[in-house]
Amino acid sequence: MIKFLFLIVVLALTSVTGCAPGDGFDKSSSDKIVAWHWMTDREDAFTELAEKYKALTGTDVQFELYAPTDAYSEKIKGAAQTKTLPDIFGILADKRIISSFIKAGHVLNLSPYMDMDDGQWEKTFYAKALNVNRFLQGNEFEVSPGIYAVPLDVMNIQMIYNKDLFKKAGLDPENPPKNWAEFLDAGNKLHAAGIQGMVSGWGEIWMIDCLASNYAYNIMGEQKFVDTIKGEASYADQDWIEVFTVFKDMRDNNLLANGIVTMVNKHAEQMFANQRAALAFNGSWCVNVYNGMNPDLNYGVMLPPVYSDKYPMKIWGGAGASLMVSARSKNIDKTIKFLKWLTAKDQQAYLANKTCNLPSNKESLGEIPQALEQFVDDMDSVTHPSNLNVSEFPKVIEARDKGIQSIIIGEKTPEEVALEVQAVKIRELKKQKARK
Amino acid sequence: MQKPIYYKIKKFMLMYSTHILLIIISLSCILPLLWMFSSSLKTQATVFSDMSLFPQNPHWENFYIAWTKGGFGRYFFNSLLYTIVVVSGIVFITSLAAYGISRLKIPGKNVIFYVFLAAMMIPIPGAFVALYVLLNKLGFLNPNTGFPLLDNVIMRLGYILPLINSGLSLGIYMLKTFFDKMPGDLEDSARIDGCSVFGIYWHIALPMAKPAIAVIIIFNTLNVWNEYLLAMLVLTGKSLMPLTRALMVFRGTHITEYPLLMSGMTITVIPIIIIYLMLQKHIIAGITAGAVKG
């Protein structure tokens with residue numbers, strides 16, 4: 001037993017002390033730029049870019065990967081509380097939480113750097129991607145106006161269709177449906193050919209909300225959509241009933257795959273990649289996913305077909321991953337210089353080609369894969385709830401999305417859902433008034 | 001005349017139904033492992049379409065790719081180090097504490113014991129931010145002594161100490177239950193022979209508790225070997241990370257490289273299976289002897 005204990009103690013001491021120094025202990029060194037990120041698929045690309053940057057400028061950049069995202073967020077919270085955030089980091093949360101970091105003095109306002117040289121840096125980005133990280137004058141979060149993060153890539157969510165299955169169903173794969181009648185007709189033709197319609201992660205409710213918002217913009221326009229959030233227009237209005245009817249129509253015309261209401265997006269991606277469904281409602285990240293699951297998949301990208309001619313179709317999108325600079329960094333100038341380099345044309349094209357994410361730099365477009373181009377083409381149609389200066393009550397969003405699920409499974413009618421959502425809205429508005 | 005036949009049929013049916021039930025339970029335990037191994041031999045495309053348990057064209061090179069791409073060598077060493085140190089620490093501290101609480105007259109020992117039991121209710125992830133702040137204040141997160149080797153040791157201790165702490169409650173609980181059943185006559189005999197308190201613990205109590213210690217070793221080895229979240233929170237830089245970090249390489253933000261992930265997991269699980277097989281006899285003895293008795 002003594003020998004056993006001795007062995008353990010010796011092993012413990014030698015192994016704890018006997019390791020070569022690693023790359024982690026000099027985080028506080030002021031010469032090195034340290035970046036924390038969660039993007040596991042980009043680790044190799046970041047490492048290569050850091051090496052390239054060192055060769056160019058002599059500045060060391062250390063990318064440290066912490067994943068999964070929820071654990072990364074915990075680390076960021078802990079580091080913020082102890083004021084040990086690295087030079088570059090990202091916050092995976094909504095604007096409300098980001099604003100609390102900004103107000104606590106953790107995040108640098110990048111506007112002065114964006115404005116330099118006649119706004120040259122700012123002009124390289126898609127304005128809509130930058131807007132996700134922008135706080136306007138008089139914002140509800142009471143944050144000083146400015147841009148607080150740099151978009152590393154952009155994304156949007158559209159409809160993707162399988163060209164081979166379209167052909168099999170007698171549809172023209174080069175001319176996907178553009179209006180509602182064509183879309184419903186496509187659903188019926190696919191059904192007749194024994195092909196499942198659309199798959200999507202509608203079990204993760206936010207994706208239903210995404211498509212519902214798309215059609216709300218198309219049917220009533222942005223102003224009325226915003227007015228509804230403000231409580232100045234009603235969910236019981238005919239336009240909202242039409243938004244809910246979109247889902248009833250899709251169900252009635254066989255456009256939705258079986259089990260879509262409880263489907264998680266990973267499963268939906270598998271189904272589409274394995275050609276078990278002809279349509280998918282998914283984000284631009286799917287290029288990466290489908291490429292991994294089925295490199296031979298022959299697909300096209302289309303905007304959701306318009307329901308109404310009154311207003312243009314808008315899709316959700318904006319910044320994908322964004323990086324922030326610590327306001328307490330000892331290397332602010334060096335860090336900004338590096339971020340400018342990282343978001344420049346060549347580096348963005350390199351990242352797009354290596355990781356299949358849409359570049360945030362508009363100038364890189366000519367050098368990206370064709371599959372990504374199909375998504376980038378529609379960046380002008382992009383919008384995002386966080387770009388609006390108002391936000392809907394979470395309980396109303398939940399009622400809206402669950403109501404749509406009920407319509408899809410045939411439990412409720414669009415009219416019933418519209419009334420129910422409006423009732424929740426009134427209740428929430430009253431609560432808000434009482435709080436004030 | 002009918003009775004023996006009735007009992008024979010009853011015995012036969014009971015035996016068969018018991019065996020069928022056990023086979024189903026065994027399959028439910030083994031199938032995920034087989035599926036993991038099977039997926040590790042497929043490609044990213046066939047992993048979703050080929051449902052066979054052993055693919056027609058097995059890709060054995062996945063293991064090599066996973067090992068090199070994931071940088072398993074360094075992480076393997078780190079995990080081995082953390083497991084040995086943490087499990088040794090837990091066994092040493094819990095056996096001393098449990099013996100003290102069970103056999104010695106210490107004022108308030110029951111209160112101490114219940115405090116340890118209460119600690120079992122708090123999972124580490126629930127205390128992440130508080131733990132991060134505490135470790136930072138104690139200087140474990142960003143040591144800057146000017147001696148890189150010392151900094152390295154301090155950072156590793158910042159991971160090892162919370163892990164030891166997290167294993168104490170269950171260990172003390174199990175060993176105390178074991179020591180409580182130890183006959184007092186044994187201690188009296190040892191005392192008559194001139195044995196000190198530590199001598200009784202060392203020569204009598206500890207050897208008797210081997211089955212319970214085996215259970216503690218396997219439980220904690222599993223915990224430490226599979227641990228990742230705390231490492232990610234506390235450790236900075238790849239060089240100090242455990243084996244589970246290597247698996248994250250294959251889990252992308254939007255896509256997971258399943259065959260490589262499964263190959264990596266198969267590599268990761270092998271040491272655990274070996275340890276389990278080595279300690280199997282003691283674990284069963286420990287459990288059946290009441291080591292985990294409530």
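1. Axes are lines fitted to C-alpha atoms, for helices over the stretch in contact, and the angles between them run from 0 to 180 degrees between N-to-C directions. With that in mind, and remembering that this is a predicted model, one may begin with helix H10 (residues 238-252) of chain A and helix H16 (residues 394-408) of chain A, whose axes come within 9 Å and cross at roughly 40°. The crossing of H10(A) and H16(A) is right-handed. On the side of H10(A) the contact is made by A:Trp240, A:Phe244, A:Phe247, A:Lys248 and A:Arg251, and on the side of H16(A) by A:Arg400, A:Ile404, A:Ile407 and A:Ile408. Sorted by class, this contact of H10(A) with H16(A) has 6 nonpolar residues and 3 charged ones, with no polar residue.

2. In chain B, helix H6 (residues 148-180) and helix H9 (residues 210-226) pack at an angle of about 160°, with their axes 10 Å apart. Because angles over 145 degrees count as roughly antiparallel, H6(B) is described as roughly antiparallel to H9(B). The crossing of H6(B) and H9(B) is right-handed. From H6(B) the residues B:Leu163, B:Gly167, B:Leu170, B:Gly171, B:Met174, B:Leu175 and B:Phe178 take part, and they meet B:Pro211, B:Ala212, B:Ile213, B:Val215, B:Ile216, B:Phe219, B:Asn220 and B:Val224 in H9(B). By class, the contact of H6(B) with H9(B) has 12 nonpolar and 3 polar residues, and no charged residue.

3. Returning to chain A, strand S9 (residues 279-283) has 5 of its 5 residues buried, so the strand is largely enclosed by the rest of the structure. In a regular strand the side chains alternate between the two faces of the sheet. In S9(A), A:Leu279, A:Phe281 and A:Gly283 point one way, while A:Ala280 and A:Asn282 point the other way, and all of them are buried. Strand S7 (residues 153-162) of chain A pairs with S9(A) in the antiparallel sense over 5 bridges, and A:Gly283 in S9(A) is the bridge partner of A:Ile157. Strand S8 (residues 198-199) of chain A is joined to S9(A) by 2 bridges, and these strands run parallel; here A:Val199 stands opposite A:Ala280.

4. Strand S3 (residues 88-89) of chain A pairs with S12(A) in the antiparallel sense over 2 bridges, with A:Phe89 standing opposite A:Met324. Strand S6 (residues 150-151) of chain A is likewise joined to S12(A) by 2 bridges and runs antiparallel to it, with A:Val150 opposite A:Leu323.

5. A:Ser322 and A:Pro151 are 171 residues apart in sequence, yet 4.2 Å apart in space, C-alpha to C-alpha. Leaving aside residues up to four places away in sequence, A:Ser322 touches A:Trp38, A:Phe89, A:Gly90, A:Asn133, A:Ala149, A:Val150, A:Pro151 and A:Leu152.

6. In helix H14 (residues 345-355) of chain A, the residues A:Gln347, A:Gln348, A:Ala349, A:Leu351, A:Ala352 and A:Thr355 are buried. What covers the buried residues of H14(A) includes helix H2 (43-57), helix H12 (286-293), helix H13 (332-342), strand S13 (358-359) and helix H15 (370-376) of chain A. H14(A) is followed by A:Cys356, which lies in the loop between H14 and S13 of chain A. At 12% relative accessibility, A:Cys356 counts as buried.

7. Some backbone details deserve a reader's attention. Most residues other than glycine have a negative phi, and most peptide bonds are trans. A:Cys356, although not a glycine, has a positive phi of about 60°. Phi of A:Gln275 is also positive, near 60°, in a residue other than glycine. A:Gln275 is placed in the loop between helix H11 (265-273) and S9 of chain A, and at 34% relative accessibility A:Gln275 counts as partly exposed. A cis peptide bond joins A:Ala67 and A:Pro68, with omega of about 5°, and A:Pro68 lies in the loop between strand S2 (61-65) and helix H3 (69-81) of chain A.

Conventions:
Residues are numbered from 1 along each chain as its sequence is written. Chains are lettered from A and ligands numbered from 1 in the order in which they are written. This is a predicted model: local features need pLDDT of at least 70, side-chain atom pairs count only at pLDDT 80 or more; totals for chains, interfaces and linings use all residues. Side-chain values use heavy atoms; hydrogens and water are left out. Helices (H or I, at least four residues) and strands (E, at least two) are DSSP runs, numbered from the N terminus. Angles under 35 degrees count as roughly parallel, over 145 as roughly antiparallel, 65 to 115 as roughly perpendicular and the rest as oblique. A crossing is left-handed if the near helix is turned anticlockwise from the far one by less than a right angle, and right-handed if clockwise. Contact means heavy atoms within 4.5 Å. Ala, Val, Leu, Ile, Met, Phe, Trp, Tyr, Cys and Pro count as nonpolar, Asp, Glu, Lys and Arg as charged, and the others, Gly among them, as polar. Buried means under 20% relative accessible area, exposed over 50%, partly exposed in between (1.4 Å probe, protein chains only). Two strands pair if DSSP finds at least two bridges between them.
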